[in-house]
Amino acid sequence: MCGNAVVLHNGPLTRRQRWSAALITVGPRAMLTAFTAAEYQGLRGWTRDEVHVLAPLGVAQPDPGVIPVRVHRTRSWYAASDKRLLRCERLAPALVRAASTFSTPRPPCGLLAAGVQQGLVSPGELDSALTAAPKTRHRKALIAAVRDIAGGSQALSEIDFVRLCRAHGLPEPVRQLVRVDGAGLRRYLDASWRRADGRLVVVEIDGALHLSPRRWWQDQLRQNELMLADALVLRFPSVVVRTEPSLVIAHLRRALS
């Protein structure tokens with residue numbers, strides 16, 4: 001049964017206060033889920049204004065109020081709970097539930113990759129959550145994405161790149177290969193191959209984060225270290241991987257031949 005939370009406050013509510021009010025509104029057996037549960041457990045970059053709440057079947061959608069609430073319903077409400085968290089679904093199933101809200105499969109693959117990249121969840125946990133949710137929207141694409149993530153892809157752009165290589169019959173790269181630079185620092189390479197002549201071919205995929213001055217300078221120093229070690233380095237903006245795949249493949253074929 002849904003209720004109504006009455007908030008007596010002399011200023012704007014914090015996000016946690018909004019979450020508490022939403023839980024009271026949906027009822028005593030409600031818990032945070034989807035994007036809200038992910039934010040509560042530390043995920044960055046995927047926040048939503050509406051509060052996502054999980055409840056047993058039969059719980060009604062509350063009337064529209066000051067705080068927008070989206071209710072997700074489940075037959076296995078007790079299995080979803082986590083005693084370590086305050087009325088919040090475990091992260092892996094919460095991410096899978098959030099992924100099913102997208103109309104196309106690409107953004108949810110990025111959501112799962114973000115959870116792993118930020119060190120909050122493992123590919124194995126995501127795989128188990130998908131196995132337990134056979135009716136999840138985009139499930140086939142999500143399972144494939146989790147396998148790519150388990151293979152070393154840490155961002156959606158890297159997943160796109162590996163799939164591009166497969167689609168054009170190129171050998172799959174080694175992902176996140178660790179190299180120690182001249183200063184003794186561990187560096188992770190997005191994708192790499194070893195040619196028949198022994199030369200290392202490296203591909204770095206640059207998202208928007210790489211446009212910041214500090215990151216740009218670090219990328220240049222990193223590339224210098226690779227070039228000094230006689231590696232052949234190709235750099236592609238992530239948008240080019242998505243929008244001009246033929247150009248990317250042409251450069252790769254030349255580098256690998």
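Let's start with helix α7, which covers residues 139-150: its twelve residues reach 16 Å from the first C-alpha to the last, close to the 16 Å expected at 1.5 Å a residue. The expected span here is 1.5 Å times one less than the number of residues. Helices (H or I, at least four residues) and strands (E, at least two) are DSSP runs, numbered from the N terminus.

A word on the source: this is a predicted model, where local features need pLDDT of at least 70 and side-chain atom pairs count only at pLDDT 80 or more, while totals for chains, interfaces and linings use all residues. Residues are numbered from 1 along each chain as its sequence is written, and side-chain values use heavy atoms, leaving out hydrogens and water.

Back on α7, the buried residues are L142, I143, A145, V146, D148 and I149; buried means under 20% relative accessible area (1.4 Å probe, protein chains only). These residues pack against α4, α5, α6 (123-131), α8 (156-167) and β4 (174-180), with contact meaning heavy atoms within 4.5 Å.

Two of those partners also pack together. Helix α4 (residues 91-99) and helix α5 (residues 106-117) meet at an angle of about 160 degrees, with axes 9 Å apart. The two are therefore roughly antiparallel, a label for angles over 145 degrees. On the α4 side, L95, V96, A98 and A99 make the contact, and on the α5 side P108, L111, L112 and G115 do.

Stepping back, the protein chain holds eleven helices and seven strands, and 44% of its 257 residues count as buried.

Methods
Axes fitted to C-alpha atoms, helices over the stretch in contact; angles between N-to-C directions. Parallel < 35°, antiparallel > 145°, perpendicular 65-115°, else oblique. Buried < 20%, exposed > 50% of the residue type's maximum accessible area, 1.4 Å probe, protein only.
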